[in-house]
Amino acid sequence: MNLNELYSQVIKDHNLSHHNKHPLEGANVAVPGRNPSCGDEIELFLQIEDGVVEDASYTGIGCAISQASVSIMIDLVRGKTPAEAKELSRLFLAMIRKEPLTSEEMTRLNDAAALMGVSNMPARVKCATMPWHTLEAALDAASV
Amino acid sequence: MVSTDYKKDFPLLLQPDAGGLPLAYLDNAATTQKPRQVIDAVRNYYETFNANPHRGAYSISVRVTEAFEEVRAKAARFIGAADPEEVVFTFGATDAINQAAQSYGEQAVGAGDEILISVAEHHSNLLPWQRLAKRTGAVLRYLIPDQSGRVTTEELAAKLTSKTKILAIAHVSNVLGGVNPIGELAAMAHEKGAAVLLDAAQSVPHIPVNVRDLDVDFMAFSGHKMLAPAGIGVLYGKKELLQRMEPARLGGGIVEEVTQQDARFLDAPLRFEAGTQNAEGVIGLGAAIDYLEAVGMEAIQDIERRLMDDALQELCAIPRIRLYGAGDAEERTGILSFNIEDVHPHDTATILASHGVAVRAGHHCAQPLMAHLGVNATCRMSLYFYNTEEDIRRLAQALSTVREVLGFEP
């Protein structure tokens with residue numbers, strides 16, 4: 001196992017920075033995300049206005065992988081429409097399942113591509129995917 | 001020096017780990033590795049006398065029935081039971097506790113009665129009692145362990161009442177490793193008329209345990225945590241209690257007579273062993289007990305104590321580590337929970353794994369204890385007699401790299 005591949009600089013930076021880790025005053029959606037077996041627990045906040053994810057944030061605790069994954073995800077979906085955010089989620093989950101993505105699709109995943117190494121670690125896959133499943137639940141909740 | 005000779009009996013421990021390093025296996029509270037003697041006993045059973053025990057008149061069925069009952073007697077001797085008929089074979093400790101909670105609990109507990117457990121219990125010694133309380137209208141009350149992770153007699157005295165019908169408690173916490181003073185606690189419970197169930201999953205494999213000295217009414221343990229295959233365990237019960245209990249599971253092999261509208265059950269323990277039994281598991285358990293007795297339970301306790309002294313010294317020297325439970329190895333077994341500051345236990349476990357060191361990270365099926373400790377999860381290392389000082393040294397060395405790998409100051 002290559003630790004530097006798993007805990008790359010991008011992952012470490014997002015885990016340490018906490019720039020998306022705070023409650024969100026203008027949030028109109030708040031959805032919990034849990035990995036019961038690991039003890040990863042987050043709350044994801046979305047502020048959706050005029051069909052755009054204006055802002056997003058999270059609170060909670062979890063491993064470096066889940067914390068980096070949620071932070072990167074928030075950077076990616078900020079300013080996107082819910083449909084665009086869902087498409088990013090679809091791409092991310094496909095990458096983790098080792099489905100082939102085009103270089104254009106990988107480019108759209110931006111920093112999230114740094115989590116590709118997790119796809120080789122079955123024990124850690126849930127850490128990376130939990131925030132994205134939480135995002136999908138939040139977007140579904142917002143569309144009702 | 002701790003002898004390192006035991007590893008040679010354990011084929012898995014002689015294999016290199018995925019990364020090519022030898023495996024420092026420190027997750028023995030989850031399950032133990034199997035010695036060649038146990039593997040051979042199970043293979044020999046399959047190759048020479050595989051049959052359904054208590055059923056056929058042909059020679060291999062007679063042979064497996066004899067072997068099966070010999071292991072029952074051996075297990076009874078191993079835990080100091082007065083009579084082999086006090087040993088019920090189960091799928092494991094979880095199954096044993098579930099059966100006791102159902103078969104004994106539902107006859108002994110009524111609305112307004114109290115069931116006492118500790119907040120440190122594994123979910124397997126919590127959920128059956130939680131359900132029993134909900135079904136019967138009884139109250140589930142919690143004992144709080146002290147700083148060392150042990151339930152004191154003072155704490156029990158404060159919670160025990162004339163309404164307490166059952167005290168269900170672990171001998172050793174699977175997270176904190178402290179040994180509860182069961183003999184004293186059981187005597188106090190009996191004085192108030194409560195029955196005592198001991199979850200011995202983390203003690204029977206590691207320290208000498210005698211049910212008559214402890215005077216517990218029921219005791220549960222699992223084979224796979226003591227060198228035997230998974231899927232076999234024991235419910236010990238005092239004979240007079242077992243005889244009064246209805247079986248929780250119904251099926252073949254447990255009846256004297258069945259008519260269209262009624263059934264009369266066999267005496268204990270067979271009345272609790274419905275369906276074809278896990279004979280290979282029982283044979284493996286017998287070989288495991290032989291192995292443990294050859295090493296000696298006191299010797300095992302000694303080896304683990306010395307390794308634990310080492311581990312406490314090595315781990316205390318790691319910067320920014322937090323240890324949970326007692327610091328004194330005299331009153332604890334080889335289980336130690338810890339966290340590295342700022343680092344989630346799963347990252348720690350992943351980094352240790354890259355060094356060929358196997359530990360567990362998570363809530364250890366003890367969520368109320370995690371909440372009580374104010375943590376979300378911990379790392380846990382757990383020893384067995386085949387571990388060595390080298391395993392401990394590698395754990396400590398790998399732990400000292402964790403913060404740096406994640407970009408924190410060392």
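A compact globule of 144 residues would have a radius of gyration near 15 Å, and chain A, at 14 Å, agrees with that. Bear in mind throughout that this is a predicted model. The C-alpha trace of chain A spans about 45 × 30 × 25 Å along its principal axes. As for burial, 40% of the 144 residues in chain A count as buried. If we take the contacts in chain A with a separation of 6 or more, 61% of them are between residues 24 or more positions apart.

Next, the secondary structure. Chain A has 6 helices and 3 strands, and their order along the sequence is α-α-β-β-β-α-α-α-α.

I will take one of those helices in detail. Helix α4 of chain A covers residues 82-96, 15 residues in total. From first C-alpha to last, α4(A) reaches 21 Å, close to the 21 Å expected at 1.5 Å a residue. Which residues of α4(A) are buried? They are A85(A), L88(A), S89(A), L91(A), F92(A) and M95(A). These residues cover an arc of only 165 degrees around the axis, so they sit on the same side of α4(A). What covers them includes strand β3 (52-61) and the helices α3 (64-77), α5 (103-109) and α6 (125-143), also of chain A. After α4(A) comes K98(A), which has a positive phi, near 65 degrees.

On to the contact between the chains. Here 16 residues of chain A are in contact with 15 residues of chain B. On the chain B side, helix α12 (residues 345-354) gives the largest share, with 6 residues. By class, that side of chain B has 9 polar, 5 nonpolar and 1 charged residues.

Last, chain B itself. How is chain B divided? Domain 1 takes 5-28 + 296-405, and domain 2 takes 49-293. The centres of these two domains of chain B, taken over C-alpha atoms, are separated by 28 Å. Between them, 24 residues of domain 1 are in contact with 23 residues of domain 2. On the domain 1 side, at least two residues each come from α11 (297-316), β12 (335-340), α13 (367-373) and β15 (378-382) of chain B. Sorted by class, the domain 1 side of chain B that touches domain 2 has 10 nonpolar, 9 polar and 5 charged residues.

That is what I have; I will take questions now.

Note on methods. Residues are numbered from 1 along each chain as its sequence is written. Chains are lettered from A and ligands numbered from 1 in the order in which they are written. This is a predicted model: local features need pLDDT of at least 70, side-chain atom pairs count only at pLDDT 80 or more; totals for chains, interfaces and linings use all residues. Helices (H or I, at least four residues) and strands (E, at least two) are DSSP runs, numbered from the N terminus. The radius of gyration is taken over C-alpha atoms; the globule rule is 2.2 Å times the number of residues to the power 0.38. A residue is buried if 20 or more other C-beta atoms lie within 10 Å of its own, exposed if 12 or fewer, and partly exposed in between; C-beta atoms are placed from the backbone. Two residues are in contact if their C-beta atoms, placed from the backbone, lie within 7 Å. Ala, Val, Leu, Ile, Met, Phe, Trp, Tyr, Cys and Pro count as nonpolar, Asp, Glu, Lys and Arg as charged, and the others, Gly among them, as polar. The expected span of a helix is 1.5 Å times one less than its number of residues. The arc is that of the directions from the helix axis to the C-beta atoms. Domain bounds come from an automatic or database domain assignment.
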